[in-house]
Amino acid sequence: MTRILLIDDDAKLTALLGDYLVAEGFAVHIENDGPRGASEALAGGYAMAVLDVMMPQLNGLEVLRRIRSQSTLPVLMLTARGDDVDRITGLELGADDYVPKPCTPRELVARIRAILRRLQPAADAHAGEASLVSGGLTMWPHQRRAEWLGEPLALTSTEFSLLEVLLRHVGRPVSKQDLSSRALGRPHTRHDRSIDVHLSSIRRKLGNLTDGRSIIQAVHRQGYQLLKE
Amino acid sequence: VGRLFWKFFAFVWLAQFGGIVAIGSAFWLTQRHNESALDIESGPGAGMRIDAAAGILKYGGIDAFKAWSEHEPPNPVFAVDNSGIDVLQRPVAPSLIVHARQLSANEPRSHQVTEVQGADGHRYLLFAAAHEPRAGDQPGRPPLDSGGGAPQDGRRQGPPRPPGPLEMAGPPGPRDLFGGRFRGLPLLPTLSTLIASLLTAMLLAWYVAKPIRSLRTAFNGVAGGDLGLRVMPLIGTRQDELADLGRDFDRMTERLQAAMEGQRRLLHDVSHEVRSPLARLQAAVGLLRRKYVNEEQTVERIEEEIVRIDRLVGDLLKLSRIEAGEMAGIEEEVDLHELVSEIVADANFEAEGSGRSIIWNNGASAVLRGRPDILRVAVENIVRNALKHAPKSRDITIETSVDSARAVYSIQVLDSGPGVAPEELAKMFTPFFRSAQAAGTDGYGLGLAIARRSIEAHGGSIAAVNRKEGGLSVAIELPLSRTAASAPHTRPSA
């Protein structure tokens, strides 16, 4: 059974959401404060964490930083609706996706499922291939492992999925719509900056090519492209 | 450079120019007068007249000298004694006497000055003043002015005039002040003074106009929404009314900024506080939809959340009403003793449920003018707060007293709870503050904020301290007679 860690200071809300998630077939563990949530997340055994950004004591972003310093556990953030700063900061810190709060439990479950789906071994269509290679980048989708110039790359699951989509289409631009539906598991909406934030984070991890350009290029009105060498 | 600068510059410079002209001409006139008064007649005729006068004074005495003098021409021979007084009491310019003495000392044989012992035994200094009108106006007499240059000639050509008001203690006689050319009017000093006055006028105008322009820029910036703008860095370290204005402006924007920031934070907090119950409502509705749960229980939860949102909105309205100062006109006499006793009775009823009680150490009674409903909410909120945070089976103590010297009624609410972290003591009366210890408790942190606003609206103060013996002490002080100055929403008295 998929184990989900729910970190939110609102005990009543977590109880309700917990009930809902249990009914949807997840195993749920609830923590109502940041420090305990962070240590519980690092203790392992969870498929993913749902983390509220607005928490007293230890802010959700700080909890995320703690988790990311040691783990690539998928994290879904609950952000206040309209608070772009929190959302973008969270994505930059390595959150896999966000859901604005208040949200319907159905929406939350859909996001959780989208992230979990990405974690499943790639579709059977690609079952045969062991690795994808282009230039210095090598990815093993089955093992969710990537190397850049022979060095292992620490990517969050969302970053991994995005890079995988780009690598499968290497040398061709991929639209944000495609990136969103394939990698995030949801349609792209206007003003949604998630993809850009995730990609800039991947670029940071990959560094620049010898000519100073990034290997991932934005193509005007067409999306993003992984350069072919 | 704005219009103010030019206006200021024009006024200042005109004033300076006028001043320079006035002072300059006064100086010029005085100088001319002194120059003429200093002249001692030096012609050969003077020597003869002085010799004659000396003889008359020496042998004929003062009366003879006086008789002789009456027939003398307008530039008489003076006979001055040691104390500088003319023997005939005629006015003599002091500078003339000084000049004569110098002459007598330097050139004892000069025919312009003679010293003689009069018939009365006193020594007299004799000399003739070379006053106009000169020889040119007096036909038959040769020019006495041996050193007569062109300027003096010019003077001579003018028509005679009566003495002007600027004339000093000199011998009487018609004068010609303006008829001639402006003798001795210095061109270079005049020009340099003019330029200096231009520069100082410019400097002064700039000095006044510049901070005003800075202020204007700042006002425009603030009007454009940039409340972070400060004008003092532009004005610098001046110490005058304009700098004070700048400082006042900065203080105003600072307070505005703080108020705006407070409003923004409040709005942020309110949206968060409203969203929390909404998130729970949505979760509960989601559960109901999927029929995952006990319907009855979930509907109860939904109702709870609705009540909670309603209470939050009600409290927010209360807070904003008190803040907006909707106090005037509906004040009445409030018996504080009665007010507290009602609250204690209510709180006791509530506390009994958890086996606690309220102890009231009643000091005295007092009456003040105010809003009983608002005051009641304030005290009630503090007592409720104490009940909520004090551990079960401990009592709450309320102490009331009147400080007749300061005309203050004070209420102290003491609990034996965990107290509040020292750094949180000041913050606990701000809206939506919740202490770290109280994270799990119900409520949204408006009660104490409402209490503070209510007390402050009555001119009072509220403060919290941790008790030495453990627990929190909240002290309210209410002034019994409120002056206009202490009420926060009235205009400050001048």
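This is a predicted model: local features need pLDDT of at least 70, side-chain atom pairs count only at pLDDT 80 or more; totals for chains, interfaces and linings use all residues.
User: How much area do chain A and chain B bury between them?
Analyst: The contact takes 21 residues from chain A and 21 residues from chain B. Carbon and sulfur atoms account for 60% of the buried area. The total is about 1,800 Å².

User: Which residues of chain A lose the most area to chain B?
Analyst: Three residues together make up 30% of what the chain A side buries. They are Lys12(A), Leu16(A) and Pro102(A).

User: Which residue of chain B meets the side chain of Lys12(A) in a salt bridge?
Analyst: Across the interface the rule finds 3 salt bridges, and 4 residue pairs in polar contact. For Lys12(A), the N to O distance is 3.8 Å. That falls within the 4 Å cut-off for a salt bridge. The partner is Glu304(B).

User: Which element gives the most to the side of chain A that touches chain B?
Analyst: Two elements give two or more residues there: α1 (11-23) and α5 (105-119) of chain A. The residues of that side divide into 11 nonpolar, 2 polar and 8 charged. With 8 residues, the top contributor is α1(A).

User: How far apart are the end C-alpha atoms of helix α10 of chain B?
Analyst: Helix α10(B) runs over residues 372-389, 18 residues in total.

User: Which residues in α10(B) are buried?
Analyst: Buried here means under 20% relative accessible area. Charged Glu380(B) is among the residues that qualify.

Technical notes:
Residues are numbered from 1 along each chain as its sequence is written. Chains are lettered from A and ligands numbered from 1 in the order in which they are written. Side-chain values use heavy atoms; hydrogens and water are left out. Helices (H or I, at least four residues) and strands (E, at least two) are DSSP runs, numbered from the N terminus. The expected span of a helix is 1.5 Å times one less than its number of residues. Buried means under 20% relative accessible area, exposed over 50%, partly exposed in between (1.4 Å probe, protein chains only). Contact means heavy atoms within 4.5 Å. Buried area is the accessible area (1.4 Å probe) that two parts lose on being put together, summed over both. A polar contact is a pair of N or O atoms within 3.5 Å; within protein, one must be able to donate a hydrogen and the other to accept it, and residues adjacent in sequence count only if both atoms are side-chain atoms.
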